[in-house]
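Biologist: I am new to this structure. Please take a close look at a single part for me, and then go on to some other parts in the same way.

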Amino acid sequence: MANTYNGLINIYKEPGFTSNDVVAKLRGILHQKKIGHTGTLDPDAVGVLVVCLGTGTKLVEMLTDHDKEYIAVCRLGVTTDTQDMSGQILEEAPVNVTRQELHEAVKAFVGDYEQIPPMYSAIKVGGKKLYELAREGKEVERKPRKVNISAISILDDSHLESDHFFTMEVKCSKGTYIRTLCHDIGLRLGCGAAMQHLTRTRVGAFSLDTAITLGQVEELRNNGALADYIKSPEYIFRDLDSIHVKDSARKILENGNSFRLDSVLSEDPEGVNDTEYADDMFKEGDMVRVYSEDDTFFGIYKYSAKKKTFDVDKFFYEKD
């Protein structure tokens, strides 16, 4: 019987694939249906695509919310219908931009910024995806959405005068379109711009240096070594405190029920584990990682001070 893989895998998305193509190919390679990705990358873009497997699919929404980092090449002097160089050129303009003007224009986008999503995007308007309307030659009004760019650094502006492109690193919130950022930088400079290339270098805790290609996934599966590259769902919760639950409450745990504070195994130094101390340790709404005595991960639970219980927030345990 084929293995069922549960957790998160950091895929290096190669050019020419959509994010859904990656999921479809992984379903074939791993022989399992329960697979989802955590944030679309355009077909021409490359880099980190975090894919959730099995019980890890419960994390899709949560991982979509993570901050992301990109390296983008932006070409000045051209405007396209897709805001990147794969689209139809709508306008070309001369470029007379100094390095200082470029750095100042880019700096203006750091912080909160109202971004109008591109027509070639998967956002739905009236039940239809914008890119479907765009392919029909229609343009509809899009509401600006607030995004946050925490940092932009120009990595290379040596080609600015000769070939009119530059490379920047962008750290941003979810929902930020980097090609729209390129387009908006072009508007600010008065010459237009389009994204020439995009690499996603980080999604939350997942970075480019640990991403593997679909070909490597297949190879690792054949060698029985793929499990080493799959992070368990608890990986993204490692900043939360963990607690262990006594074996006497194991059945309650396995059934996904709430358990009481007195079922928590004392992990405190001797003499400080009285009830009063335990009460002080947990506040209303505290989120914790929950394990059984044998270190099996059960999920993320939220503490209710009123009931003195830990209630399931996200449950990952599956009986064999």
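Modeller: Take Thr 213, which is in contact with Tyr 12 and Glu 14 once its neighbours within four places in sequence are left aside. This is a predicted model, and the contacts are computed from it. Thr 213 sits in a loop, with strand S13 (206-207) on one side and helix H6 (214-222) on the other. Its relative accessible area is 19%, and because the cut-off for buried is under 20%, Thr 213 counts as buried.

Burial can also be followed along a helix. In helix H3 (residues 99-107), the buried residues are Leu 102, Ala 105 and Val 106. Seen down the axis of H3, these buried residues fall within an arc of 95°, so they line one face of the helix. In an α-helix there are 3.6 residues a turn, so residues three or four places apart point the same way. Gln 100 and Lys 107 are exposed, on the face of H3 turned away from its buried side. The cover over the buried residues of H3 includes strand S10 (145-156), strand S11 (165-172) and helix H5 (178-189).

Last, a sheet. It is open and has 5 strands, in the order S15-S17-S18-S19-S16, with mixed pairing. Strand S15 (241-245) and strand S16 (259-260) are its edges, each pairing on one side only. Within this order, strand S17 (residues 287-292) and strand S18 (residues 297-304) run antiparallel and are joined by 5 bridges. In one of these pairings, Met 287 has Lys 302 in S18 as its bridge partner.

Key: Residues are numbered from 1 along each chain as its sequence is written. This is a predicted model: local features need pLDDT of at least 70, side-chain atom pairs count only at pLDDT 80 or more; totals for chains, interfaces and linings use all residues. Side-chain values use heavy atoms; hydrogens and water are left out. Two strands pair if DSSP finds at least two bridges between them. Helices (H or I, at least four residues) and strands (E, at least two) are DSSP runs, numbered from the N terminus. Buried means under 20% relative accessible area, exposed over 50%, partly exposed in between (1.4 Å probe, protein chains only). Contact means heavy atoms within 4.5 Å. The arc is that of the directions from the helix axis to the C-beta atoms.
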